[in-house]
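Here is a friendly walk through one protein model, written for reading side by side with the structure. Please open both views and follow along.

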Amino acid sequence: MQNSLWLYGAEPLSLNTLSSSLNCDVCIVGGGLTGVYTAYLLAKKGVDVVLLEANSSVAFGTTAHSTGKLTPQHGTVFQQLLTTFNEDEARTYYKANVSAIEQALKHVTVDIFQRADSYLYATTEQGVDSIKKELEAYKKLGIPGVETKDTELPFEVNTALKMENTTQIHPTKFTNHFAKLAIKEGAKFFVNTRVTKLIIEENRLITESELEVSFKSIVLATHYPIEAVKGLHLAKLSIDRSYLMATKTSELLKGQYLSTDNTSRTIRTALIENQPYLIFGGSSHIAGVVQNTQTYYETLEKEMIATFDLSKPEFLWSAQDPNTADYIPYVGRISASEPRIYIATGYRKWGLSNSLVAGEIISTEITSGKHIAQHLYSPSRNLFGKTFMRMLKAIGFTVSSLAEGYLMRIEAPKCTHLGCKTQWNEGDETWDCPCHGSRYDKFGNVIEGPAVYPLKLE
Ligand SMILES: Cc1cc2nc3c(=O)[nH]c(=O)nc-3n(C[C@H](O)[C@H](O)[C@H](O)COP(=O)(O)OP(=O)(O)OC[C@H]3O[C@@H](n4cnc5c(N)ncnc54)[C@H](O)[C@@H]3O)c2cc1C
């Protein structure tokens with residue numbers, strides 16, 4: 001069962017549940033880093049903001065199940081961006097992330113973040129090739145990075161690409177901190193308040209307990225946008241799931257690491273209640289298609305114990321993140337014809353710094369300003385031609401796994417989003433939907449959308 005290190009030793013915020021209907025200027029649905037940071041920036045500008053969170057506290061979702069690297073070194077993203085975007089656009093992605101991180105850090109106390117160099121490392125020929133290409137992209141874009149073989153890892157690397165002076169955070173404490181600041185600036189936060197229906201034409205939504213919130217604008221910060229809204233192309237998002245674990249160690253690393261080998265691994269340390277922990281992870285697969293997920297934990301556990309000579313992990317968790325076809329998240333006004341609806345999704349497992357960019361873009365758009373990355377991240381950007389093949393892959397996968405689901409999992413309960421057959425996930429004891437990534441606990445309660453209603457279990 002899921003047991004994230006970031007939920008241990010971090011006091012959940014004590015917040016009220018919505019108990020009567022209300023009106024506001026901006027309603028934010030979702031209290032992960034995206035929703036919370038957007039609420040903070042809007043409240044600071046004097047906007048009347050209400051945030052609704054389905055869980056019993058903020059920062060319980062994907063944010064609390066991440067690795068907590070707050071860095072603009074997003075894997076090998078820059079070589080990938082240069083296949084679709086021009087140099088100015090790829091540079092804008094970098095600058096927007098660097099600037100959003102530094103802006104946010106001005107408002108955070110030093111116990112919540114540490115400076116750490118970010119490394120991509122390779123132990124295979126294919127991994128080296130990828131690092132060489134990324135270094136080329138850095139040179140083209142003027143991104144500071146140095147190639148090195150020197151790391152603190154207990155094994156030799158063939159090469160590594162270091163980006164100096166980046167950041168790592170405790171994601172739950174970081175998000176809670178901004179929630180407190182947002183509330184201090186006047187934002188109203190409600191937990192245990194799941195939104196089940198949007199009535200966009202009437203600028204209102206309905207919660208699970210039949211209360212209404214009327215708004216002028218709405219921000220869907222639900223990780224995967226809930227429900228099908230006009231202009232939202234659900235099939236453009238594919239979803240990847242990966243696995244993490246943490247165990248006690250004796251020393252903190254100075255860097256944070258990600259391998260570019262085909263079997264990618266992520267490594268960092270964190271100090272939790274004065275005890276250093278090693279965090280180790282990887283093993284991605286498309287969400288909702290694997291029953292025996294326990295084997296992913298077992299493989300990682302064996303590798304971690306053998307490589308670092310440490311004991312069995314005390315914390316095991318997994319999480320998923322949606323990907324867009326062109327590697328840039330969808331953030332901002334959903335479409336020109338729906339100026340009141342904003343989304344932020346498709347972070348490709350780099351959603352901590354991108355949540356901060358999202359908060360900046362959405363709060364700027366709502367207050368009629370301009371942000372440097374607004375067009376780049378726009379959900380209505382039209383790159384269909386260039387990304388068509390990649391999208392076809394995602395859509396093709398969804399369709400084939402749907403068919404397989406109907407043939408192979410006759411007994412599985414149907415997802416309450418669009419009726420796909422769910423898949424039982426043994427490792428995490430959840431029902432996972434292969435179509436759009438909804439997840440339910442063993443009792444059928446929604447853990448993750450787009451679904452908003454519980455599963456019907458016989
Ligand atoms: C394994 C893994 C490791 C990662 N590591 C990193 C990393 O090191 N660095 C990095 O930059 N990124 C990382 N990411 C990505 C990052 O964690 C996410 O992209 C980011 O946390 C998303 O934040 P969010 O606020 O959009 O979503 P979430 O944190 O999931 O928040 C969404 C919230 O919306 C709420 N919600 C959903 N539906 C409703 C509803 N109907 N009504 C009310 N509330 C609702 C949910 O309960 C949830 O609290 C990682 C991702 C994964 C999967």
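## Gln79 and its surroundings

Gln79 sits in helix α2, which covers residues 77–81. Helices here are DSSP runs of H or I with at least four residues, strands are E runs of at least two, and both are numbered from the N terminus. Is Gln79 buried, exposed or partly exposed? Gln79 counts as partly exposed because it has 19 C-beta neighbours inside 10 Å. On this scale, a residue with 20 or more other C-beta atoms within 10 Å of its own is buried, one with 12 or fewer is exposed, and anything in between is partly exposed, with C-beta atoms placed from the backbone.

Which residues does Gln79 touch, leaving out those up to four places away in sequence? They are Lys133, Glu134 and Ala137. A contact means that the C-beta atoms of two residues, placed from the backbone, lie within 7 Å. Gln79 and Tyr138 are 59 residues apart in sequence, yet their C-alpha atoms are 8.3 Å apart in space.

Residue numbers start from 1 along each chain as its sequence is written. The pLDDT score is the predictor's confidence in each residue, from 0 to 100. The chain has a mean pLDDT of 88, and 90% of its residues reach 70 or more.

Two stretches call for care. Over residues 228–235 pLDDT stays under 50, and the model has 17 contacts beyond four places in sequence for them. Residues 383–410 also stay under 50, with 27 such contacts. Where pLDDT is low, the predicted coordinates should not be read in detail.

## The chain as a whole

The chain contains nine helices and 21 strands. Of its 458 residues, 50% are buried. Among contacts between residues at least 6 apart in sequence, 73% join residues at least 24 apart.

Strand β1 (residues 22–29) runs parallel to strand β10 (residues 212–220), and seven bridges join them. Two strands are taken as paired if DSSP finds at least two bridges between them. Within this pairing, Val26 stands opposite Ser217 of β10. β1 also runs parallel to strand β2 (residues 49–52), here with four bridges, and Val29 faces Leu52 across that pairing.

Together, β1, helix α1 (residues 33–44) and β2 form a right-handed β-α-β unit. Right-handed means that, with the strands pointing away from the viewer, the path from the first strand over the helix to the second runs clockwise.

The largest nonpolar core holds 114 residues, and Cys27, Ala39 and Val49 have the most contacts inside it. Its largest share, eight residues, comes from α1. Such a core is a set of buried Ala, Val, Leu, Ile, Met, Phe, Trp, Tyr and Cys residues joined through C-beta atoms within 7 Å. Beyond four places in sequence, Ala39 touches Ile28, Val49, Leu51, Ala182 and Ala187.

## Strand β11 and its partners

Nine of the 11 residues of β11 are buried, so this strand is largely enclosed by the rest of the structure. β11 is joined to β15 by nine bridges, and the two run antiparallel. Ser238 has Asn323 of β15 as its bridge partner. Strand β14 (residues 275–286) pairs with β11 over eight bridges, again antiparallel, and Leu244 stands opposite Gly281 of β14.

## Around the ligand

How many residues surround the ligand? There are 40, and the closest are Gly30, Gly32, Gly61, Ser66 and Gly351. A residue counts as near if its C-beta atom, placed from the backbone, lies within 6 Å.

α1, β11 (238–248), β15 (315–323) and α7 (351–366) each supply at least two residues of this shell. The most come from α7, with four residues.

## Two residues with positive phi

Ala59 is not a glycine, but its phi is positive, near 60 degrees. It lies in the loop between β2 and β3 (69–70) and is buried because 28 other C-beta atoms lie within 10 Å.

Asn203 also has a positive phi, about 50 degrees, without being a glycine. Its loop runs between β8 (195–199) and β9 (204–207). Asn203 is partly exposed, with 16 other C-beta atoms within 10 Å.

Key. Predicted model: local features only at pLDDT ≥ 70, side-chain atom pairs only at ≥ 80, totals over all residues.
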